[in-house]
Amino acid sequence: MPFSPFDVAAMRRGIDVARRGEGFVEPNPLVGAVVAAGERIIAEGWHPRFGGPHAEVVALDAAGAAARGATLYVTLEPCCHHGKTPPCTEAVIAAGIGRVVIAARDPFPAVNGGGIAALRAAGIPVETGLLEAEALRLTAPFRTLVTNGRPWVIAKWAMSRDRRAAAPPGVGRWISSPESRALVHELRGRMDAILVGIGTALADDPLLTARPPGPRVPLRIVLDSRARLPLDSALVQSVGEAPVLVAAGPDAPAARIAALRSVGCEVWQCTAATPAGRLHELLRLLGDRRLTNLLVEGGPHVLRECFAAGLVDEIWQFTAPCDYAAHPAAAVLPVFDEPPPFDVESVSHPGGDTLVRGVVRRGVS
């Protein structure tokens with residue numbers, strides 16, 4: 001049976017409200033739900049925070065007695081197991097919902113079709129696949145964590161039109177506009193971790209915090225094979241405000257490791273011999289900790305290694321309307337000669353820059 005235009009509109013509303021949980025619900029997925037009587041929306045809800053009520057329960061509570069016989073539109077298959085909250089399928093059945101429309105199945109092993117089966121066993125008609133592609137994109141970080149055991153990786157960089165990664169000496173510290181930098185701070189505020197290389201840490205002495213703060217305080221990670229991060233760096237000096245993880249190599253000097261640990265940094269030593277192996281090992285560690293979103297801010301060497309290892313999922317490319325070719329001191333951004341295949345999701349112009357956002361074209365699991 002084909003879906004009606006109202007079905008599509010109701011599910012799209014569910015996807016829109018689901019995004020309100022971004023930065024608050026991880027490692028849980030973003031989920032939205034809409035309750036409709038006929039072709040009239042009577043309630044909606046989203047998963048507001050990790051450990052809080054799920055979207056279906058919020059929407060059903062808002063609908064009250066009017067939920068009986070109504071249609072529930074939900075962007076992700078309702079859970080059927082006891083976690084931090086009771087099964088949503090029980091709430092749907094108890095509310096007397098007459099029909100359920102689901103955008104996408106939940107890949108979590110304790111659900112994965114079980115929620116659909118439980119609703120159908122209770123005699124509720126269930127239809128699936130409405131706006132599935134949009135729902136899969138909405139939950140891509142969650143799905144990557146569940147199916148691949150690692151966080152969703154966002155690569156962000158700024159460059160001039162002639163692909164320079166830094167302004168020449170005397171020109172200024174920033175290539176991108178204040179508006180672009182504000183967007184980056186907003187992005188940082190919903191990340192679980194931010195990654196840079198030791199070259200960037202030494203050259204720029206960054207804080208890597210969100211200013212103003214967002215809903216999350218990201219773990220700040222430095223790829224630092226020799227544990228060279230200075231004890232007087234901005235990262236180390238602010239370790240009381242946001243945690244720092246130094247990802248050191250197997251041969252990092254013990255004295256440097258001890259010094260960093262003594263001031264509150266976490267030092268983790270990888271065992272892999274290759275850059276790709278070290279990155280995969282680090283991302284497995286972050287996945288084991290259930291970190292859902294990782295922002296790679298550079299520098300160019302680290303970005304290139306992440307692309308080469310096939311670990312980048314999403315791209316944020318800022319291009320400023322300037323050229324530095326006449327200044328040989330300006331570094332060339334060596335991320336790639338040609339962009340990897342990716343699907344553009346949006347193009348905007350913050351402060352006169354061009355921001356291209358997209359997803360690397362290898363499919364979303």
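**Exercise 1.** Determine which residues of the largest nonpolar core touch the most other members.

*Solution.* A nonpolar core is a set of buried Ala, Val, Leu, Ile, Met, Phe, Trp, Tyr and Cys residues joined through side-chain atoms within 4.5 Å, where buried means under 20% relative accessible area (1.4 Å probe, protein chains only). Among the 32 residues of the largest core, Leu 195, Ile 221, Leu 282, Leu 294 and Val 296 touch the most other members. α11 (275-288) supplies the largest share of this core, five residues. Helices (H or I, at least four residues) and strands (E, at least two) are DSSP runs, numbered from the N terminus. The model is predicted: local features need pLDDT of at least 70, side-chain atom pairs count only at pLDDT 80 or more, and totals for chains, interfaces and linings use all residues. Residues are numbered from 1 along each chain as its sequence is written, and side-chain values use heavy atoms, with hydrogens and water left out.

**Exercise 2.** Locate Ser 177 and state whether Ser 177 is buried or exposed.

*Solution.* Ser 177 lies in the loop between β6 (152-160) and α7 (178-188). Its relative accessible area is 8%, so Ser 177 is buried. Beyond neighbours within four places in sequence, Ser 177 is in contact (heavy atoms within 4.5 Å) with Pro 350, Gly 351 and Asp 353.

**Exercise 3.** Identify the residues through which α3 meets α4.

*Solution.* Thr 89, Val 92 and Ile 93 in α3 meet Gly 115, Ala 118 and Leu 119 in α4.

Terms used:
Buried means under 20% relative accessible area, exposed over 50%, partly exposed in between (1.4 Å probe, protein chains only).
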